[in-house]
Amino acid sequence: TAKQNIVVTNNSGTTLSSMFFQDTMSSGATHVPGSVSVNGVSQPSYDPVAGFALDDIPSGGNASIEYTIQANSPKTDNTVTNTGAVSYSVNDPVRGTVLYTEPTNEVQLRLITTRIKVEKSVDKGYAVSGETLHYTSVVTNTGDLDKVNMIFKDAIPAGTQFVPGSVRIDEVSYPAYDPAVGFSIKDLKPGESTKVEFDVTVE
């Protein structure tokens, strides 16, 4: 989640009235319901997308708007862009009531992903009873953060039996390891991979 803060300042010499705030956000995130506050006062019924009214702002005054946005399904190539707009009216002595709309600056929020990718393969397309199948799984950190305390676990396929002592991790043998029980693998920095291999025999 990320908290957005918008400050509306009246730099004119007259009061701003008929104030209305509305928010626009790109895909990838949504507003957290009930998170809006105006001038430090919680306004749980306010919806930034539908918009809401603000009190008049006298000359030199301001209004502070806060709300929280939450990422939906972040990916490394996604960036959420968020902008707001305030509409208001001014009593011009010559033109009378004049309506204006002022957009906020665009805020960009880069989304961090915690994803990993596991690619599993086998050395044979088909096999008969008594043959050995060699499985290879490559675990890659495709996210933006270090992955730590990882456990690798892989159920042995029905109709086969695990070959004890066959587990290898990055070409190093671990004879006590059993993929059906699970075992630790090394921490991975973003972009790093580790390879896990083991054998089964076809019954």
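Is D146 buried, partly exposed or exposed? In this predicted model, D146 is partly exposed, its relative accessible area being 46%. D146 also takes part in one of the 6 salt bridges that the structure holds.

**Salt bridge D146–K189**
- The side chains of D146 and K189 form a salt bridge with an N to O distance of 3.7 Å.
- D146 belongs to the loop between β12 and β13 and K189 to the loop between β17 (183-185) and β18 (193-202), so the contact ties together parts 43 residues apart in sequence.
- K189 is partly exposed, at a relative accessible area of 48%.

**Salt bridge K186–D170**
- The closest N and O atoms of K186 and D170 are 3.6 Å apart in a salt bridge.
- This pair links the loop between β17 and β18, which holds K186, with the loop between β15 (168-169) and β16 (172-173), which holds D170.
- K186 is partly exposed at 43%, and D170 is partly exposed at 31%.

**Salt bridge D154–K120**
- D154 and K120 meet through their side chains at 2.7 Å, N to O.
- D154 lies in the loop between β13 and β14 (160-162) and K120 in strand β11 (residues 116-122), so parts 34 residues apart in sequence are tied together.
- D154 is buried at 12% relative accessibility, whereas K120 is partly exposed at 42%.

**Positive phi at non-glycine residues**
- N39 has a phi of about 55° and sits in the loop between β4 (37-38) and β5 (41-42).
- N149 also has a phi of about 55° and is exposed, at 70% relative accessibility.

Key:
Residues numbered from 1 in each chain as written. Predicted model: local features only at pLDDT ≥ 70, side-chain atom pairs only at ≥ 80, totals over all residues. Heavy atoms only, no water. Helix = DSSP H or I, 4+ residues; strand = E, 2+ residues; numbered from the N terminus. Buried < 20%, exposed > 50% of the residue type's maximum accessible area, 1.4 Å probe, protein only. Salt bridge = Lys/Arg side-chain N within 4 Å of Asp/Glu carboxyl O.
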